[in-house]
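Work through the exercises below with the model open. Try each task before reading its solution.

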Amino acid sequence: FEKEGLMVLCQAIKETGLKVEELNLSGNPVRPLDIRSDGSWEEGEIEAVCSVLSVSSLPCLRVLFLRGCRLGDSHVQQLCAVLGRGDVPNLESLNLEGNLKFPESTGLDCLVRALRVDSLPHLKNLNVITEGGFCGTNMASFFLSSLKSEQCPPLENVSISLNHDAREDVLCALGGGQSPFVRTLSLGLPPSLLVTFLKAVLDSQAKNEGVEGGPFEDV
């Protein structure tokens with residue numbers, strides 16, 4: 001959609017409600033380069049989308065796709081406020097691939113605070129893969145440890161990306177299967193760290209010889 005189309009759609013959903021289980025707004029909005037060269041959402045658009053993320057407007061919503069929308073930090077904060085309030089309690093899958101960038105911790109902190117079992121009790125699938133991966137040596141560790149909290153929903157399929165900032169202990173833990181909810185990894189590692197990760201995977205497989213399935217669905 002262009003901006004006007006997205007706003008009209010959200011207004012219609014808000015006025016009449018929509019009993020869909022899946023809402024896919026990935027890649028929106030597409031707009032002329034002379035309006036916003038990076039294609040990112042303006043504040044009014046994210047506010048419109050957040051306004052329909054409720055039981056009254058989307059009572060059956062289970063899957064939300066927001067891939068490649070170039071959501072900025074303030075957009076993520078608004079989205080997480082909705083999620084954290086429990087406005088979409090039936091949500092099972094949230095796909096934010098291609099949006100979040102974590103040079104600082106603000107966006108990640110908001111996301112972690114929103115991922116609570118009392119507000120998102122059915123959330124199973126979470127995709128936060130980014131082109132650059134987690135930035136900062138402690139980001140991945142903070143995120144993964146937060147997902148192990150008892151306050152976090154029982155996630156089963158998490159997709160993340162790691163880059164050259166990844167710590168060796170984090171890679172070893174992931175490769176060793178210590179975060180079993182991580183099923184998809186996008187790796188942008190230098191050779192030395194890639195070797196560390198692969199060695200941990202092989203060591204884990206050797207220890208679990210005869211057990212069907214590996215720690216990841218896709219790497």
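Contact here means heavy atoms within 4.5 Å. Helices (H or I, at least four residues) and strands (E, at least two) are DSSP runs, numbered from the N terminus. The model is predicted: local features need pLDDT of at least 70, side-chain atom pairs count only at pLDDT 80 or more, and totals for chains, interfaces and linings use all residues. Residues are numbered from 1 along each chain as its sequence is written, and side-chain values use heavy atoms, with hydrogens and water left out.

**Exercise 1. Helix 4 against helix 5**

Find which residues of helix 4 meet helix 5, and give the angle between the two helices.

Solution. Start with the contact. Leu-108, Asp-109, Leu-111 and Val-112 in helix 4 meet Met-139, Phe-142, Phe-143 and Ser-146 in helix 5. Sort these residues by class: 6 are nonpolar, 1 is polar and 1 is charged. (Ala, Val, Leu, Ile, Met, Phe, Trp, Tyr, Cys and Pro count as nonpolar, Asp, Glu, Lys and Arg as charged, and the others, Gly among them, as polar.) Now the geometry. Axes are lines fitted to C-alpha atoms, for helices over the stretch in contact, and angles run from 0 to 180 degrees between N-to-C directions.

**Exercise 2. Helix 3 against helix 4**

Describe how helix 3 packs on helix 4.

Solution. Helix 3 covers residues 73-85; its axis lies 8 Å from that of helix 4, at an angle of about 10 degrees. The two helices are therefore roughly parallel (angles under 35 degrees count as roughly parallel, over 145 as roughly antiparallel, 65 to 115 as roughly perpendicular and the rest as oblique). Helix 3 contributes Asp-73, Val-76, Gln-77, Cys-80, Leu-83 and Gly-84; helix 4 contributes Thr-106, Gly-107, Cys-110, Leu-111 and Ala-114. By class, that contact has 6 nonpolar, 4 polar and 1 charged residues.

**Exercise 3. Helix 6 against helix 7**

At what angle do helix 6 and helix 7 cross?

Solution. The axes of helix 6 (residues 168-175) and helix 7 (residues 191-207) cross at roughly 30 degrees and come within 7 Å. Helix 6 and helix 7 are therefore roughly parallel. Their contact divides into 7 nonpolar, 3 polar and 1 charged residues.
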